[in-house]
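Subject: Structure handover

Hello,

Here is the structure I said I would pass on. Please open it alongside this message and follow the notes below.

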Amino acid sequence: MEWEADDGRTVAVVVGLIEKATNSTKPDLDPRILKSIKSVVRYSDSELRLAVENLMSLMKRDHSQVRYLTLTIIHELFMRSKLFRTLIVENLDQLLTLSVGFRRNQPLPAPPAIASKLRSKAIEFLEKWNTSFGIHYRQLRLGYDYLKNTLRYQFPNLQANAARIQQERRERELRTKEILLKKYDLLKSNISSIKDEVNSIVDEVSECLDILISSKEENVPLDPIDEEDFEDFRNIELRTIRENSLKEADKVQENSENKVVFDALRELYKLLVTKHLVAVQESISVLIRVELSDNRLRDSMLKEFIDIRNHLKLIKKKCEEVGCVLSIPENDEEEDIWEEGTSEPSNISKPVTPNKQNDSPSCSNSKETIANLKVNPNLDPLKSKLLVEAPVMKWGSFLDNWGSNRDHMAHQRGLEVEGHWGRVDYDAVIPANKIAELNVQATVYEEEHKEIPQCRAPLKKGGMCERRDLKVCPFHGPIVARDDDGTPIAQETDVKNLSREELLEQAVKNVRERDKDVIKKREHDKKELKRAKLAKIRGHNDAVLRDAAMASTSVSSAIGELDLGREKDSLAKMLKKKATAKDRLATRLLSRKAIARQVKFGDDDSKYREAFPNQW
Amino acid sequence: MWKEIGDRESGKLRPNSFISRVRSNRASSLQLSNHKEIVSSHRGSINSLQVDLTEGRYLLSGASDASLAIYDIQRATDYEAGGLIAKHKPILIDKQHQNAHKYAISTAIWYPIDTGLFVTGSYDHHIKVWDTNTTQVVMDFKMPGKVYRTAMSSLATSHMLIAAATEDVQVRLCDMASGAFAHTLSGHRDGVMAVEWSNSSEWILMTGGCDGAIRFWDIRRAGCFMVLDQSQSQLGRRPPLLDQSTTKVDFSINTFSARAPQRKVGSGSSSKHSGNNKILKHAKGSAKQRLHPGLLTSQDRATAHYGAVLGLKATEDGMYLLSAGSDSRLRLWDIQSGCNTLVHYEVVRLLSSKAIQLAVTQDSGIVFLPCMTSVKAFDVWSGKSRMTLQGHYENISCCYSNHDQELYTGGNDRQILIWSPPKLMPDDVDELDGRTGQPPAADEDNWSD
């Protein structure tokens, strides 16, 4: 008896675990449950048998998600237990029917996305099983053969693919090796010429440098020893600045005399950097990578090349010291453009700044523009302060006589006096205040650009609603402040802050509303009653159905009160087809009315055509 | 097993009895063989399978793509996985052969005397006799319709007739000696699906037609002498003749008395039948049986099945006939009395579109019946389902039980599967491994955590 009781308990364990693992809407199994299933099944054959039975019955469920999860459990156990394999293999054709769905009268069940996933997974698993255990189980070989050769299913062909990739890689390596060898041979034959070339260019460069240095020595530099003596008491920054300037002075300056030399040097430098250094670098890498039976020659060549490279680098450095910079023309242009851009605003800001005292041409939107102004930190504090406060004006002709308090001459053509060669009437003067009036800046009101907040209600598919509505989102109701998860932050209306009168008012209002509600309630009471009755009946029906469902599966009764309810709902929900916008449109368009209307149109058209056959 | 060997050693068990016990044990423990594999090169469903009767070595198969194949089932052509899997490759005759059939081959049988000849029948209305060694057609019979099934008597010493069941209502007997039709047996009202020679007499032929009738013919006389009637039944088995040769009968009596209490008793009216060896037969049936049935129209219209008779198989001892019909019934008939024995077989559903090939073990203990995608093994006497052999992925149309208790099945999925009793000596495999020197990966538990 005790044995039996023990058996019964364990039954509940493994079956319950499997049920729990498969009763989920997630795409993967819970690894913890899977692990516990494995550990339970590992130590007891009877439970393994039960597991097989239960898994096969789960495979028959009319839900692809359940089947998918079950199949993954089966795969996990199949790869591990021999007994499990022998038991599963006996019913392999059924398992394949349920997972691959190759029989036309037994297609895979509802959520089609998961069904296709299930099929591909099943095929993949079958292939894995076949490669690892095929020789021990004829059924596996048969199933694989049938799906592959008779039904022509596409297997992922993992093993063959891996082999092919390996092969390809090997071939590629071989090819690169060959290329390297070829390059090496070429290098071997060319090494002397390369050396010659490099040597010649090095010689030229050094000659140029010599010329420059010799010319430099003419102007005598400052005495370095002297400096050190009196620099001791100066701070380091100043010293570095001084040193820099000294070095700058040290440099050979380009002038009309040595321009030719500089040009030649630059040419040579360019050649050196772009051609020879690169070539030498490349040949070094070739030498490093090439694989030879005899390494001595290669090593000596490598040494030579490294020496050459170092030499070249040294020379390059020298050139740079002299002042050769390898510049690519496009870069130069870009820099120019950029520089122009930066220089302009500083120029403009200058005339604006001193005009603070004249505030007559007022500017409406001065505040926001001030912040944008870049304040140069080098200016004195008063100026910078003024700059911060100053309005930014649009450019106009009025800026010419900004802040001038004088009267303006006027004539028949306007206010311009310069460039006017005709008679000038010195009495025709417009007073300054008039001018100021005229110069009042009218600006168009620009709406303050405000970011409309997103709705941020959590969506089912994850993420937040990104609609931007002012007050109410058509899908998620009024827009309220929400935290990062999308749950609304409750905003308590602070009652304390309300004044007494307001409170009174509110109270009166509430009372009135309540009265209205009561009246309404009475009206609705009858309807409510009826509805309640119906709901009760429906609830009862549901309960009966649920009981029936629970009773029909022995498993569920064994588990007892698992939190089936919600999960079941979600599993069932997966089966329901979501009404997409397309569906809704289709219902509208393909409804009988619409079709009838269409037909009618067609009729009209045909009638018209019959009546006027010569008109198209 | 070991006990029986011990008994045999001490002389408690007679040799024949020992043999039959071993055979029945083996036959009842069939499973899909992992070590023996037939590489089928057919490209259509396999319609007919037969192992030759003389050596028990060559398997002849005919398929829907008009191809024929002969497999050596005792010597493998090559091994796989370190000698674990023996592969049997065929000598194939397909459509490219100059004498090949045009359409599906529905039947392929060996010449019962030796393996030098075999006979094929096809939907292209021809029956061809082939010389095995030259793979040439030596004789060609043009039939009036599609050939469904052919049969040759394994007992025959005085004739060499191929009985042909065709679309035509008449059953023709083709004489291989003369190359002409020797007989034309008319009586069926529709095409004939199944034909079988008696195992007890070389002149008795049994045919089953699409009209649901099973007719017995004595080829020495005109017309059929018996039409089996499903309503004419007897309960239980006929008692074996007492003066029949010793051991086998002993055994069958033993087994019978052992099984008798479990047997299902069919009709309610005569449900209480006591006495194991008592015949319960309707008096009327026995009276009519003596008359020539061709004259009695009432009996002539009797049917053995509702629907077509799809397959016939006589037991090895020649006393019983098993018939499968498109009404999804398997019936066991007593050949002598022509009565339905009312054994209820738990058949689920039969393939009803084409003829099927049944198989019975040598001691007529188990009948193998192709039921859609599985082969069901029934106890012949009680009708209980013994095994369900599941391995094919499409409908199975034929099975053949060899004398060394191997079962061959062929189906629409182009595979020929071998079902064999489990190997008693796994050492064999080790030996093979040693020879090939390449041990296959072991099939063991592989728990990672």
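Chain B exposes about 19600 Å², and 49% of that area is supplied by carbon and sulfur atoms. Accessible areas come from the Shrake-Rupley method with a 1.4 Å probe, and for residues only the protein chains shown count as cover. This is a predicted model, in which local features need pLDDT of at least 70 and side-chain atom pairs count only at pLDDT 80 or more, while totals for chains, interfaces and linings use all residues. Residues are numbered from 1 along each chain as its sequence is written, chains are lettered from A and ligands numbered from 1 in the order in which they are written, and side-chain values use heavy atoms, leaving out hydrogens and water.

Chain B has 449 residues, of which 55% are buried (buried means under 20% relative accessible area, exposed over 50%, partly exposed in between, with a 1.4 Å probe and protein chains only). Its secondary structure comes to six helices and 33 strands. Helices (H or I, at least four residues) and strands (E, at least two) are DSSP runs, numbered from the N terminus. Of the contacts in chain B with a separation of 6 or more, 51% are between residues 24 or more positions apart; contact means heavy atoms within 4.5 Å.

Two residues of chain B have a positive phi. Most residues other than glycine have a negative phi. Ala66(B) has a phi near 65 degrees and is in the loop between strand 4 (58-63) and strand 5 (68-72) of chain B. With 2% relative accessibility, Ala66(B) counts as buried. Gln405(B) has a phi of about 60 degrees and is in the loop between strand 31 (396-401) and strand 32 (407-411) of chain B. Gln405(B) is also buried, at a relative accessible area of 11%.

Now chain A. It has 616 residues, and 27% of them count as buried. There are 22 helices and four strands in chain A. Chain A exposes about 45300 Å², with 54% supplied by carbon and sulfur atoms.

How do helix 3 and helix 4 of chain A pack? Helix 3 (residues 45-59) and helix 4 (residues 64-78) of chain A lie with their axes 9 Å apart, at an angle of about 150 degrees. Axes are lines fitted to C-alpha atoms, for helices over the stretch in contact, and angles run from 0 to 180 degrees between N-to-C directions. The two helices are therefore roughly antiparallel (under 35 degrees counts as roughly parallel, over 145 as roughly antiparallel, 65 to 115 as roughly perpendicular and the rest as oblique). Leu55(A), Leu58(A) and Met59(A) in helix 3 meet residues of helix 4 including Val66(A), Thr70(A) and Leu77(A).

Helix 4 also packs with helix 5 (residues 82-90) of chain A: the axes come within 8 Å and cross at roughly 130 degrees. That makes helix 4 oblique to helix 5 in chain A. In this contact, Ile74(A), Leu77(A) and Phe78(A) of helix 4 meet Phe84(A), Arg85(A), Ile88(A) and Val89(A) of helix 5.

Last, Met464(A) is in the loop between helix 17 (432-438) and strand 3 (472-473) of chain A. At 22% relative accessibility, Met464(A) counts as partly exposed. Met464(A) and Asp485(A) are 21 residues apart in sequence and 8.4 Å apart in space, C-alpha to C-alpha.

Regards
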